[in-house]
Amino acid sequence: MLDKLKKYLYNNIYINIVQSSKNTKIYVEEVSHDGSSENYEEVIKSSEKSDIYEFINFCMRKSPISYISLLDPSLSQGAAPTCSLDDIKKYCELDDHEYVCVDSNWTYYTPKLDLLEIKGRYKKTGLDFIFSPFYMLKNFFADKVKGEISLYILVNEDYMALSIFDSSKLKFASLLDMQQDDEGDDELVMDVDDEEELILEELENNSVDLEGIDVDDDIDALDDFDDLDDLDSFDDIDDFDEEDEKDDVFASTEKPLEDIVEQNTFGEDYHRFSLIQSAVNTFYKDPKFDGDFIQNAFIADGIALSPEFKRFLEEEMFLNVVVRKIDIAQELCELAKAEKK
């Protein structure tokens, strides 16, 4: 009786967190007992840890019924095309991982150490759900994965989650790290207390037995995740006096801002394409995947890709490409609401 009254008096607050090396996006949806809803969002620099906490706590104070969801940011996570613990060893050793079987035919996983770091990062607010990008990708293209073998890619700021499905069955998956050459990962680490910091240091030094650490304390959803990218060269300048030569050199470096942005975007898109091409080649060449020929690619675009990205896939890999825009934080909210039904 009290629970029903509570649900009638208070809104359900869904707080959804998508973090990157630069920004942390927090999308909030307030749902009333009659089904009506209100939503808003905040984008905060990932280095502004106190601002992130403050905004989450502000949202939580609006109602005693709140759910906090996070898109798994681990760059060591993955997925395998089986739920058999014997067969899964062909793809990953899961002794130090948390994992979940989906649809009785595929598994996604994350290292326990990464989950422990996530727990420390959000210890001041807690987490109710941690969702895998592979699980999100499968749900976002639920109308397509049932069909013939196709490539599916969720494009996020720091990584891409790549999957190959055939008639709803996962055949291959890989997390493609766009930040592997960067050194700014420290921005993502939130405050941890001295005891947890010591544990993390010991774990990183391989001096602590993981079996003795309860990763799941204080996070309800870790047992069920889903419950849970040249310098411009100057042309040679001949037969000019010293003053004219200096002027010409400076003029040649003044490129319009939009040209610089376009050049940077082109480089990032080509880097993404190269990672995808390499992953698909692995699928084709590694006999354990029994790689059939792929003709179609479905892209969940979470960052506003340029047309060049689609063109690379079409012209270089001969794929039929469909791009769908996705608001990753809103999609995260949909997953959370589905779990609470």
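I began with helix 3, where I found Lys112, Asp114, Leu115, Leu116, Ile118, Lys119, Gly120 and Arg121 buried, which here means under 20% relative accessible area, with over 50% called exposed and the range in between partly exposed (1.4 Å probe, protein chains only). Eight of the 10 residues of this helix (residues 112-121) are buried, so I noted helix 3 as largely enclosed by the rest of the structure. I took helices (H or I, at least four residues) and strands (E, at least two) as DSSP runs, numbered from the N terminus.

Before going on I wrote down the conventions: this is a predicted model, in which local features need pLDDT of at least 70 and side-chain atom pairs count only at pLDDT 80 or more, while totals for chains, interfaces and linings use all residues. Residues are numbered from 1 along each chain as its sequence is written, and side-chain values use heavy atoms, with hydrogens and water left out.

Next I looked up the sheet with the order 5-7-6, an open sheet of three strands with antiparallel pairing, where two strands pair if DSSP finds at least two bridges between them. Its edge strands are strand 5 (78-80) and strand 6 (97-102), each pairing on one side only, and the twist averages 25 degrees from one strand to the next. Strand 6 pairs with strand 7 (residues 106-111) in the antiparallel sense over six bridges; in this pairing I found valine 102 opposite tryptophan 106 and cysteine 101 opposite threonine 107. The two strands form a hairpin with three residues between them, and aspartate 103 in the turn has a positive phi of about 55 degrees.

I then turned to serine 306, which is found in the loop between strand 12 (296-301) and helix 8 (307-316). Serine 306 is buried, with a relative accessible area of 18%, and its side chain makes a polar contact with the side chain of aspartate 269 (2.3 Å); such a contact is a pair of N or O atoms within 3.5 Å, one able to donate a hydrogen and the other to accept it, and residues adjacent in sequence count only if both atoms are side-chain atoms.

Strand 1 (12-19), strand 2 (23-31) and helix 9 (328-339) each supply at least two residues of the lining.

Technical notes
Axes fitted to C-alpha atoms, helices over the stretch in contact; angles between N-to-C directions.
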